[in-house]
Amino acid sequence: IVVSSFAYASSADAGEVVERTHVEDLDFHRLRFANGVTVNLKQTDFKEKQILIQGNLGEGALSQAPSVETSAVDFYADSAFNGGGLGAHDNEELRRLTAGRTVGTGLSSGEDRFILGGATTAEDLLLQCELMCAWLTDPGWREDGMVQMKRQVPLIFQGIKHQHQGPMILEFLPAIYSSDPRFGLPPQEALEAVAMEQVQAWILPQLADAPLELSFVGDFEVEAVVDACARTFGKLPPRRALRDYPEHREVPAAKTGLKQLHTVATQVPKSLVLIHYPVADGMESARRRGLSFLGTVLNDRLRLEVREKLGAAYSPGAGAQISEVFPGNGMIMIQAMADPENVDTLVEACLAAADSLAVDGVTQEETDRLREPILNQIRDARRTNGYWLSAIEDAHRDPDSIDDIRTVVGFYESIDAATLSKMAAEYFGKARANVLVVDPE
């Protein structure tokens with residue numbers, strides 16, 4: 001089948017670019033079309049023929065008032081939307097029409113946006129833009145994806161009963177966050193009750209006029225991308241302004257000092273230990289990076305101290321999850337597996353490692369030693385298209401994010417032990433730890 005039978009081919013007429021700037025030091029272009037669609041473009045030579053694309057649309061899950069029902073609807077967003085094909089072509093026909101071409105896209109629901117992603121080449125760029133536009137303007141809403149996902153739901157819950165992570169999702173996180181439906185998994189009956197109409201009613205208004213910011217990074221001619229965007233995204237209906245939904249951003253303050261013990265019927269003869277420390281949010285880049293670095297320091301301490309005390313068989317890990325959407329919400333978590341008879345020793349050793357950071361602080365030696373791999377990682381990442389796609393994706397939505405790119409290296413070069421010690425004293429300590437132990441039956 002020739003691609004000329006693709007029902008969404010664009011015509012030569014184009015939307016008008018009303019604003020255009022070049023960010024000199026980071027070498028990328030920012031555009032705004034008359035309809036309000038915004039575009040960021042960065043030409044690179046990191047990978048021949050690769051063009052990565054991301055479209056950030058609207059406000060995602062944030063646009064729904066938090067409830068068990070809306071969390072259940074959100075659960076189906078990706079499968080219901082992507083599984084339904086386009087109005088004029090189901091997914092099977094789309095595959096035939098685009099065979100041999102480097103095109104494709106999919107929508108995913110994020111905390112504060114819907115994300116439409118894709119990857120293509122210069123040859124297939126226009127078709128890729130046409131395809132993404134078709135998904136925005138004429139999704140097929142066939143039941144296929146929804147039906148498949150509904151079949152999975154009983155299996156998911158059956159599986160969770162036999163997984164160490166099950167009690168964390170179903171009991172531990174909901175208990176820490178006062179049963180806020182955004183933490184954990186909606187109940188099985190709530191998921192089974194969702195209808196396609198509910199998913200449509202939520203997503204359709206976002207597709208119609210929610211703000212859309214597109215970012216293109218890779219091996220292309222800048223004017224060719226501007227032209228392809230003008231012929232496709234530039235002709236979409238006018239976009240409204242971004243909405244903040246402050247009332248939907250409120251989450252309960254995390255509890256501290258919770259202890260839970262669960263058993264699961266599992267083939268794995270080990271116990272799971274999970275220790276959760278509530279920390280601040282990541283709305284400010286310095287705090288976000290500082291907390292993330294603190295997670296790295298804790299991870300290093302655990303590696304050295306717990307392994308030294310208990311032997312190499314124990315490899316606890318720690319990391320930070322810092323929200324940029326919900327004020328006051330962040331966590332640093334320790335996770336480890338152990339033989340059931342050694343759980344108490346392991347829990348004590350992990351708590352002691354965090355406690356020593358809270359009481360005695362972070363040393364300058366470990367700060368200096370751990371910053372180098374992070375700086376090397378950033379330097380390596382800056383030679384990839386993926387890094388730049390995530391770096392510039394919010395250049396219009398959040399202009400401050402451009403400064404984040406400029407300051408990241410300087411931040412890690414200058415962070416000191418005193419700053420990290422202050423954070424450790426505030427957030428670590430045995431009394432603040434939430435502890436979950438999951439034993440095999």
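How many bridges pair S5 with strand S6 (residues 114–120), and in which sense? S5 and S6 pair in the antiparallel sense over 5 bridges. Two strands count as paired if DSSP finds at least two bridges between them.

## About the model

This is a predicted model, in which local features need pLDDT of at least 70 and side-chain atom pairs count only at pLDDT 80 or more, while totals for chains, interfaces and linings use all residues. Residues are numbered from 1 along each chain as its sequence is written, and side-chain values use heavy atoms, with hydrogens and water left out.

Helices (H or I, at least four residues) and strands (E, at least two) are DSSP runs, numbered from the N terminus.

## The open sheet

S5 and S6 belong to an open sheet of 7 strands. The order is S1-S2-S3-S7-S4-S6-S5, and the pairing is mixed. Strand S1 (17–23) and strand S5 (105–109) stand at the edges. Each has a single partner strand, so one side of each is left without a neighbour in the sheet. From one strand to the next, the twist averages 15°. Within S6, Gly117 is the bridge partner of Gly106.

Two helices come next. Helix H7 (residues 196–209) packs on the sheet and touches strand S4 (51–57), S5 and S6. Contact means heavy atoms within 4.5 Å. The direction of H7 makes about 65° with that of S6. Helix H12 (residues 385–392) lies across strand S2 (28–33), strand S3 (38–43), S4 and strand S7 (212–218). H12 runs at about 155° to S7. Axes are lines fitted to C-alpha atoms, for helices over the stretch in contact, and angles run from 0 to 180 degrees between N-to-C directions.

Strand S11 (330–338) has 7 of its 9 residues buried, so S11 is largely enclosed by the rest of the structure. Buried means under 20% relative accessible area, exposed means over 50%, and partly exposed is in between (1.4 Å probe, protein chains only).

S9 and S11 pair in the antiparallel sense over 9 bridges. Here Leu272 has Met337 of S11 as its bridge partner. Strand S10 (residues 317–322) also runs antiparallel to S11, joined by 6 bridges. Ala320 has Ile332 of S11 as its bridge partner.

## Helix H5

Helix H5 (residues 166–176) has these buried residues: Gly166, Pro167, Met168, Phe172, Leu173, Pro174 and Ile176. Their cover includes helix H4 (144–160), strand S8 (259–264), strand S9 (271–279), S11 and strand S12 (434–440).

Ser178 follows H5 and has a positive phi, near 50°. Ser179 is found in the loop between H5 and helix H6 (188–192). Phi of Ser179 is positive too, near 60°. Ser179 is exposed, with a relative accessible area of 55%.

## A loop lysine

Lys49 lies in the loop between S3 and S4. Its phi is positive, near 70°, and Lys49 is not a glycine. Lys49 is partly exposed, at a relative accessible area of 46%.

## Where two helices cross

The axes of helix H9 (residues 285–310) and helix H13 (residues 400–414) come within 11 Å. They cross at roughly 45°. That makes H9 oblique to H13. Angles under 35 degrees count as roughly parallel, over 145 as roughly antiparallel, 65 to 115 as roughly perpendicular and the rest as oblique.

H9 residues in the contact include Arg288, Arg289 and Phe293. On H13, Asp404, Phe411 and Tyr412 are among them.
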